[in-house]
Each structure stands twice: as C-alpha cells, then as structure tokens.
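The following exercises concern the structure shown below. Each task is followed by a solution in steps.

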Amino acid sequence: MARREEGGLDRELADLPPDLRWREWLSRIEAVLFASASPVARDDLARVVGQGASVDLLIEDLAVDLEGRPYEVAQVGAGWMLRTRAAYAPAIRAAADVGEQALNLSEYDLAVLAAIAFHQPVSRDGLKDIFGKEISRDLIGRLAERDLIGTGPREPRRGAPYTFVTTETFLAAFGMASLRDLPDPEQLADAGMAGPSEAYEI
C-alpha cells in the first residue's frame, strides 16, 4: 500500500507506471503554481513529488506542455509562477476586472522604484542624493504597501537608517526572473527613457 504523507498525499506514487507517475507529478506542480498568487520555491514544490523526482526537470516539461497556451511558467526570484503571456494583456484588460492588480503608481513613484532597484540596498538619504530632494515616507509607504519593496540591512552609520530593497513581487510585476534582468542603464539612456543624469548606475 502506498505511503501517505503531507495530509494524506502519496508523494511516491509507487503503484503507477513511470510515465503516469511523471504525468501526475507534472499535474501537481501545475496545480500548485496555478493556485499560488506568489512564486513557489523549489523546496515547496518538492513536497508534492517523489524524493527521486527533479523539480527542475518537471518545470522544464511543464514549460514545454504550456507552449501555445495563453500562459507560461516563469522563474521569479528563487521560485516559479504561472503568468499570462504578454500578448494576451489587451484581451484580459478588455474583459476581466484586473483593477486590483494594477500598480497604480505615478511616473515619479516608478522612478523612485527604479532607483531602489538599481541602487539597492539604498536608504532615503541615498535616494535624496539621487533625486536632489527628500523622498517622502508616503511614497516609500505606497511602494511597501504593494510589496514592491521591503526593508534591507541598516546602514552602518549614526542612526543606522533602514535601507530598501526590491521584492519577489517587484520581479513578478515586471516579468523578471532576477535582478540580472534589469535593463542596462546606458541602454535606457540610449532609448531616450532616461537622460545621462537620470540613468541609474548599478
């Protein structure tokens, strides 16, 4: 009889032939990613498959299975999530209520978020040096409320002010697997999206 774990879940599926076992593990991975609103880490996905199963290979097979579908599996930070392909964004906006998912940030808010992304960990004083003026606590609060930024290590100086860093939600919101996917500041300047003085140096 199959051994039951994790609330009655049979992870090993020893009663199934290898191909059906793999297919069931694949379906479990997809179901977990579908149900999760945030990226799911490898260790969490490993809880629904057998000990000998490779989560990375299952993710690769799932990506192949989803080719031609309106959504895809994407690596975000240290985990994975399902996300709609960009080509379907206009259709979703036209027919579905996605208002709560919109970032609703001003151009200035986005500029501060970009500065945090490129300079993290960075304090409010560091942001003041970049923008030449004080960055309000309200603006920092808006970014934190949307879980786009979190607190980083305290600066090693008098008062030990908090620094700010981006989060996995930030990566997911902008379709990045990691901070290495940030555009090169010089490319932003070349594209006219930031002047030389506005291009953030990493």
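The pLDDT is the predictor's confidence in each residue, on a scale from 0 to 100. The model is predicted, and its mean pLDDT is 85, with 86% of the residues at 70 or more.

**Exercise 1.** Determine where in the protein confidence is lowest and where it is highest among the elements.

*Solution.* Helix α9 (residues 185-190) has the lowest confidence, at a mean of 65. The highest, 97, belongs to helix α3 (residues 55-65). Over residues 195-202 the pLDDT is below 50, although this stretch has 16 contacts in the model beyond near neighbours in sequence. Where pLDDT is low, the predicted coordinates should not be read in detail.

**Exercise 2.** Describe how helix α5 and helix α6 pack, and classify the residues of their contact.

*Solution.* Begin with the geometry: helix α5 (residues 107-119) and helix α6 (residues 124-131) pack at about 115 degrees, and their axes are 11 Å apart. Angles of 65 to 115 degrees count as roughly perpendicular, and α5 and α6 are therefore roughly perpendicular to each other. Their crossing is right-handed. Next, identify the residues: α5 contributes Tyr-108, Ala-111, Val-112, Ala-115, Ile-116 and His-119, while α6 contributes Leu-127, Ile-130 and Phe-131. Of these residues, eight are nonpolar, one is polar and none is charged.

**Exercise 3.** State how Trp-22 and Trp-25 are arranged as an aromatic pair.

*Solution.* The structure holds three aromatic pairs. In the pair of Trp-22 and Trp-25, the ring centres are 6.2 Å apart and the planes are at 70 degrees. Planes over 60 degrees apart count as edge-to-face, and this pair is edge-to-face. Both residues lie in helix α1 (residues 18-35), three residues apart, about one turn of the helix.

Notes
Residues are numbered from 1 along each chain as its sequence is written. This is a predicted model: local features need pLDDT of at least 70, side-chain atom pairs count only at pLDDT 80 or more; totals for chains, interfaces and linings use all residues. Side-chain values use heavy atoms; hydrogens and water are left out. Helices (H or I, at least four residues) and strands (E, at least two) are DSSP runs, numbered from the N terminus. Contact means heavy atoms within 4.5 Å. Axes are lines fitted to C-alpha atoms, for helices over the stretch in contact, and angles run from 0 to 180 degrees between N-to-C directions. Angles under 35 degrees count as roughly parallel, over 145 as roughly antiparallel, 65 to 115 as roughly perpendicular and the rest as oblique. A crossing is left-handed if the near helix is turned anticlockwise from the far one by less than a right angle, and right-handed if clockwise. Ala, Val, Leu, Ile, Met, Phe, Trp, Tyr, Cys and Pro count as nonpolar, Asp, Glu, Lys and Arg as charged, and the others, Gly among them, as polar. Rings of Phe, Tyr and Trp (its six-membered ring) pair if their centres lie within 6.5 Å; planes under 30 degrees apart count as stacked, over 60 as edge-to-face and the rest as tilted.
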